[in-house]
Amino acid sequence: MRNEDKVKKLVAALTLASSFALAISIFFASKINNNNDGRRRRKSVGKPSSSLCYLKVDESKPQSVFKLVLADNSYSPFKHLSLHPITSVESRDLHPYIEEISGLLKEPKVEEALEEYNEKLEEVIRRNSCVWVDKGLQLQELAEVLSKERLFAVDVEHNSFRSFLGFAALIQISTKKEDYLVDAIALHDLMGILRPVFSNPQICKACHVLSKPQTSLAYLLKTYCGVVTNKELRREDWRQRPLPQEMVRYAKKDSHYLLYIARCLYEELKLQDLGNSSCVNDKLTYVLEVTGRSNATCLPLFSKVVEPYPGHSAASSIISRFHKGQGNYPSTNKKYNV
């Protein structure tokens, strides 16, 4: 064997030995640290935690000042808005806007609204101002502005931090001319001002309700607008006031590009209709299919997961498991060794 080969093998062996020794050192060091951490944790048992997940004595919840409370944390069913007299149990659970949505299923308005939207991406990017709305008068002015629109975009930032059912903390609304960030906490009891606009079937609202990877808003923003967003921010505490500028920019982006994206998707659907339609007057088109599904998405009503009493589902699961022979009931005569 040549000396050069011997040297190479020796270096390789030394390297392997060194790596093995280093690995052993790291292993024992980590075991020592874990033991020390365990002793520290045992010493700290019983001490009050200073973690931020606990409320401070002087920290109040924004929802505690809401006067118009539509949801609570009780086991009672969720009470939906009722615009018609309740004459029976069935009428109590009817969608408040079932007539308007059903009408749109028969005569969709989205094509007319999107045909009028012709804004270029460069124009959308150039428009970067936004209006913060946190006063009742501002909300009324916004309702008047939206009532004159044929199309606007909507997105919502939901807060579930220190709240069982959660609530809307911020509502983003965008038109061709302006972006609005509506403080849904400060204006919680006045949000009904926007009801006539949102229930008007003549005004099209562009919303994003899909969450699959290739239909997520982040994917659409990157694909059609070249915009990258930090989706980790949606898990932030949206109750903060004032909101950090990073969160303001994130919230604005969510609705700012929606109208442009909706128009792009509409154009793609039209191209598919032209390529796949067997008849010029064929009424079964992709545009109508997507419009119908979008309207149908608005029909389901929210319902709380209600248990007859706390822990009922867990107890039922245990009993069911034992009845299926997957276990035995604990015996009171069984002796346990301690």
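A: Of the 338 residues of the protein chain, 28% count as buried, that is, under 20% relative accessible area with a 1.4 Å probe, protein chains only. The model is predicted, with local features needing pLDDT of at least 70 and side-chain atom pairs pLDDT 80 or more, while totals for chains, interfaces and linings use all residues. Numbering runs from 1 along each chain as its sequence is written, and side-chain values use heavy atoms, without hydrogens or water.

The chain has 12 helices and five strands (DSSP runs numbered from the N terminus: H or I of at least four residues for helices, E of at least two for strands).

A nonpolar core is a set of buried Ala, Val, Leu, Ile, Met, Phe, Trp, Tyr and Cys residues joined through side-chain atoms within 4.5 Å. The largest one holds 26 residues, and L151, C225, Y257, Y260 and I261 touch the most other members. Two or more residues each come from α4 (110-116), α5 (121-126), β2 (151-159), β5 (204-206), α8 (217-225) and α10 (258-276). The biggest share, eight residues, is from α10.

Leaving aside residues up to four places away in sequence, L151 touches A113, L114, Y117, I203, C204 and L259; contact means heavy atoms within 4.5 Å. Apart from this core lies another of 17 residues, including A143, V154, A184 and M191.

Across the protein chain, 68% of the contacts between residues at least 6 apart in sequence join residues at least 24 apart.

Definitions and conventions:
Buried means under 20% relative accessible area, exposed over 50%, partly exposed in between (1.4 Å probe, protein chains only).
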